[in-house]
Amino acid sequence: MVLSFGDCAFDAETRELSCRGDPVHLPAKTFRLLEVLLERRPKAISKEKLMETLWPGTFVAEGNLARLLAELRDAIGDDAHEPRFIRTIHGFGYAFSGETHAGGGRIGSDAGSVFKLIWGDREIALHEGENVLGRDRNAVAWVDVGSVSRHHARIVVSGEKARLEDLGSKNGTFIKGRKLASPRDLKDGDEIRIGTVPMTFRRFASPQTTQTARSG
């Protein structure tokens with residue numbers, strides 16, 4: 001089963017992590033650290049227990065764990081000063097505190113399309129099911145702008161379809177400049193605005209669906 005958090009997706013069975021729709025290649029121990037934190041979420045795990053798990057039967061300095069954690073935070077876009085996913089319990093250890101969702105399938109599955117939101121220079125991957133857009137730190141698209149409500153809008157992905165819905169926001173959700181009054185199916189290239197924040201909805205063919213042309 002795929003677990004999604006923020007704009008990342010984690011698959012323990014296939015040993016894959018992707019963020020913003022792109023594969024993230026983590027060293028084995030860093031991947032294992034994420035796996036353990038997700039397995040025990042939202043419980044806190046002591047530093048001693050983590051080091052025993054990652055380096056069984058070996059004495060290592062605590063700085064090695066700190067380096068792995070910094071590497072993991074960098075990969076998943078987590079800020080140690082304003083953490084979205086990994087909480088530090090000073091004097092004890094760490095806990096995965098971000099909201100997770102069960103994904104609709106394996107990373108890089110046979111689905112025909114990959115859906116993304118383009119916001120400036122960011123690409124936000126949308127997973128199967130509900131994708132909340134808003135000022136809540138646990139939103140799939142976290143938009144920390146005053147004109148955006150905490151739970152502003154959502155995009156529901158179901159197979160080959162993606163539908164946009166306003167969630168009673170104060171400043172409205174717009175498609176192509178028109179205020180959204182009811183849920184609406186999205187098309188590739190649709191210009192979306194939540195509050196004052198413009199985004200573009202994109203639909204890409206999954207790499208797995210591309211066929212190799214046979215030589216004559």
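## Basis of the description

Two strands pair if DSSP finds at least two bridges between them. Helices (H or I, at least four residues) and strands (E, at least two) are DSSP runs, numbered from the N terminus. The model is predicted: local features need pLDDT of at least 70, side-chain atom pairs count only at pLDDT 80 or more, and totals for chains, interfaces and linings use all residues. Residues are numbered from 1 along each chain as its sequence is written, and side-chain values use heavy atoms, with hydrogens and water left out.

Strand β13 (residues 153-158) is joined to β14 by 6 bridges, and the two run antiparallel. V157 has A162 of β14 as its bridge partner. The two strands form a hairpin with 2 residues between them, and in the turn G159 has a positive phi of about 65°.

β13 and β14 belong to an open sheet of 5 strands with mixed pairing, in the order β12-β11-β13-β14-β17. Its edge strands, each pairing on one side only, are β12 (141-142) and β17 (184-185). Strand β14 (residues 161-166) pairs with β17 in the antiparallel sense over 2 bridges; here R184 in β17 is the bridge partner of L164.

## Three-stranded sheet

A further open sheet has 3 strands in the order β5-β7-β6, with antiparallel pairing. β5 and β6 (86-89) are the edge strands, and each pairs on one side only. Between β5 and strand β7 (residues 93-96), which run antiparallel, there are 2 bridges. I45 stands opposite Y94 in β7.

Helix α1 lies across β5, β6 and β7, and runs at about 70° to β7. Contact here means heavy atoms within 4.5 Å. Axes are lines fitted to C-alpha atoms, for helices over the stretch in contact, and angles run from 0 to 180 degrees between N-to-C directions.

Two packed helices are described by the angle between their axes and the distance between the axes. Angles under 35 degrees count as roughly parallel, over 145 as roughly antiparallel, 65 to 115 as roughly perpendicular and the rest as oblique. Helix α2 (residues 47-54) packs on helix α3 (residues 62-76) at an angle of about 85°, with the axes 10 Å apart. That makes α2 roughly perpendicular to α3. K47, L50, M51 and L54 in α2 meet E62, L65 and L68 in α3. By class, the residues of this contact of α2 with α3 are 5 nonpolar, no polar and 2 charged. For these classes, Ala, Val, Leu, Ile, Met, Phe, Trp, Tyr, Cys and Pro count as nonpolar, Asp, Glu, Lys and Arg as charged, and the others, Gly among them, as polar.

The axes of helix α1 (residues 28-40) and α3 cross at roughly 80° and come within 9 Å. α1 and α3 are therefore roughly perpendicular to each other. On α1 the contact is made by K29, T30, L33, L34 and L37, and on α3 by L65, L68, L69, E71 and L72. The residues of the contact of α1 with α3 comprise 7 nonpolar, 1 polar and 2 charged. Helices α1 and α2 pack at about 130°, with their axes 10 Å apart, and are therefore oblique to each other. The contact joins K29, R32, L33 and V36 of α1 to L50, T53 and L54 of α2. The residues of the contact of α1 with α2 divide into 4 nonpolar, 1 polar and 2 charged.

## Backbone exceptions

Most residues other than glycine have a negative phi, and most peptide bonds are trans. The peptide bond from R41 to P42 is cis, with omega near -5°. P42 is placed in the loop between α1 and β5 (45-46).

K176 is not a glycine, yet has a positive phi of about 55°. K176 sits in the loop between β15 (173-175) and β16 (178-179). Its relative accessible area is 57%, and K176 is exposed (buried means under 20% relative accessible area, exposed over 50%, partly exposed in between, with a 1.4 Å probe and protein chains only).
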